[in-house]
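Reader: I'm new to this and I'd like to learn how to read a protein model. Could you show me the structure and then take my questions one at a time?

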Amino acid sequence: MVEPLRFLGRSGSPSGGCPALYETDPDSFLIVGWLTDSGATVEIPHVLLGFAEHDLFIGVPLTDTGRGTFTVSGRQVTDVETLAVLKLEENETAIVVPRRKRTYFGAAA
């Protein structure tokens, strides 16, 4: 099981369902998103990234679909216990991606 799961937020569905962002450990996020042609890639609304804590971000490339969403790839969650906790809809899946801390490269004082 991917744990511990700490819910950070959800947005993008008028029914209050997915997509959702969870923190799993100090080094990764679990993302629940809409299915794509690849099981290891999900589609999420731009607004979902706003639930990541300050100075943290998803540590893999995001591809802008041009319709207010990104596609993002990671390790697909296949663990039955974790999937049961997430209660996914038929058009959803979950992936785990690295979590990175933002680095400031500005001018030194």
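Predicted model: local features only at pLDDT ≥ 70, side-chain atom pairs only at ≥ 80, totals over all residues.

Reader: Got it. Where is Asp55, and what is its phi?

Author: To place a residue, you need the elements: helices (H or I, at least four residues) and strands (E, at least two) are DSSP runs, numbered from the N terminus. Asp55 sits in the loop between strand 4 (41-45) and strand 5 (56-58). Phi of Asp55 is near 70°, a positive value in a residue other than glycine. Lys87 also has a positive phi, near 50°, and is not glycine either. You'll find Lys87 in the loop between helix 1 (80-86) and strand 9 (92-101). At 67% relative accessibility, Lys87 counts as exposed.

Reader: How many helices and strands does the protein chain have, and what pattern do they follow?

Author: Count one helix and nine strands. Going along the sequence, you read β-β-β-β-β-β-β-β-α-β.

Reader: What radius of gyration does the protein chain have, against that of a compact globule?

Author: The radius of gyration is taken over C-alpha atoms, and the globule rule is 2.2 Å times the number of residues to the power 0.38. With 109 residues, the rule gives a value near 13 Å, and the protein chain has 14 Å, which agrees. Along the principal axes, the C-alpha atoms fill a box of roughly 50 × 35 × 25 Å. Buried residues make up 36% of the 109 residues.

Reader: Which residues in the largest nonpolar core touch the most other members?

Author: A nonpolar core is a set of buried Ala, Val, Leu, Ile, Met, Phe, Trp, Tyr and Cys residues joined through side-chain atoms within 4.5 Å. The largest one here has 14 residues, and Leu21, Phe29, Ile31, Ile44, Val72 and Val97 touch the most other members. Strand 3 (28-35), strand 4, strand 5, strand 7 (69-73) and strand 9 each supply at least two residues of this core. Apart from it lies another core, of nine residues, among them Tyr22, Leu30, Leu86 and Val96.

Reader: Which residues is Ile44 in contact with?

Author: Contact means heavy atoms within 4.5 Å. Leaving aside neighbours within four places in sequence, Ile44 has contacts that include Pro19, Ile31, Trp34, Leu49, Phe70 and Val72. For the protein chain, take contacts between residues at least 6 apart in sequence: 56% of them join residues at least 24 apart.

Reader: Trp34 is on that list. Where is Trp34, and how far apart are Trp34 and Asn91?

Author: Trp34 belongs to strand 3, and at 21% relative accessibility Trp34 counts as partly exposed. Trp34 and Asn91 are 57 residues apart in sequence, with 5.7 Å between their C-alpha atoms. Asn91 is also one of the residues that Trp34 touches, as are Gly12, Cys18 and Glu92.

Reader: What about Leu62: where is it found, and what is it in contact with?

Author: Leu62 is in strand 6 (residues 62-64), and Leu62 is partly exposed, with a relative accessible area of 30%. Leu62 and Val72 are ten residues apart in sequence and 5.1 Å apart in space, C-alpha to C-alpha.

Key
Residues numbered from 1 in each chain as written. Heavy atoms only, no water. Buried < 20%, exposed > 50% of the residue type's maximum accessible area, 1.4 Å probe, protein only.
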